[in-house]
Amino acid sequence: MESGLRRGVVSYPFEAHGEHPEGARANWHVGVSMSPIIPFAACVVGTLGGCSSQQSDPIAEQEVLMQASRDWSRASSTGNVDAIVSYWAYVAVVMMPDLPTYRGKKPIRKYVEASLKVPGFRISWEPLEAHVSDSGDLGYVIERTRVTMPDLSGRPVTHQARAVSIWRK
């Protein structure tokens, strides 16, 4: 991943990782993931990296979050575990119904690796809208997710859901 976006827990300190060509995306990171779908589809709580006393442009920051979501979805389609996991902070938490909570990058990485080993598994999402707090240090993206994987008979089934990613600077 070329930017500093990471999924991580909101209550942890700010982190800045990497650089975005335009510089803006390097400030955002992510946190807790939850979803009604199975493999790593996510409602995410995240983190924006880099603290600043400057006023932020909410519209520009919303577009940064929307693009980060698109970039991450694109990375997820490659099957490149390093690229996919790079969007989570080391303190990330992933939560989904009927599955254990995955805390930290190592357990999340194992979960992603296992998901990608499922024959026919695919995941993608598209951001629908983004919002940034007045202070500019917290934002969230509402996303539409699609996960395809085989059912018990081996036939591919696609599940659609919505997710939310919460990001913090």
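1. A residue is called buried here when its relative accessible area is under 20%, and exposed when that area is over 50%. In this predicted model, buried residues make up 47% of the 169 residues in the protein chain.

2. The protein chain has 3 helices and 8 strands. Read from the N terminus, the order is β-β-β-α-α-β-β-α-β-β-β.

3. Next, contacts and surface. Take the contacts in the protein chain with a separation of 6 or more: residues 24 or more positions apart account for 58% of them. The chain exposes about 8,400 Å². Carbon and sulfur atoms supply 54% of that area.

4. Helix 3 covers residues 105–117. Its length checks out. With 13 residues at 1.5 Å a residue, helix 3 should span 18 Å. The end C-alpha atoms are 18 Å apart, which agrees.

5. Helix 3 has a buried side. The buried residues are Lys105, Ile108, Tyr111, Val112 and Ser115. Viewed down the axis of helix 3, they fall within an arc of 125°, so they line one face of the helix. On the other side of helix 3, Lys106, Lys110 and Lys117 are exposed.

6. Lysine 105 deserves a separate look. This residue is found in helix 3. Why does lysine 105 count as buried? Its relative accessibility is 13%, and the cut-off for buried is under 20%. The side chain of lysine 105 reaches the backbone oxygen of tryptophan 88 at 3.0 Å.

Notes
Residues are numbered from 1 along each chain as its sequence is written. This is a predicted model: local features need pLDDT of at least 70, side-chain atom pairs count only at pLDDT 80 or more; totals for chains, interfaces and linings use all residues. Side-chain values use heavy atoms; hydrogens and water are left out. Helices (H or I, at least four residues) and strands (E, at least two) are DSSP runs, numbered from the N terminus. Buried means under 20% relative accessible area, exposed over 50%, partly exposed in between (1.4 Å probe, protein chains only). Contact means heavy atoms within 4.5 Å. Accessible areas come from the Shrake-Rupley method with a 1.4 Å probe; for residues, only the protein chains shown count as cover. A polar contact is a pair of N or O atoms within 3.5 Å; within protein, one must be able to donate a hydrogen and the other to accept it, and residues adjacent in sequence count only if both atoms are side-chain atoms. The expected span of a helix is 1.5 Å times one less than its number of residues. The arc is that of the directions from the helix axis to the C-beta atoms.
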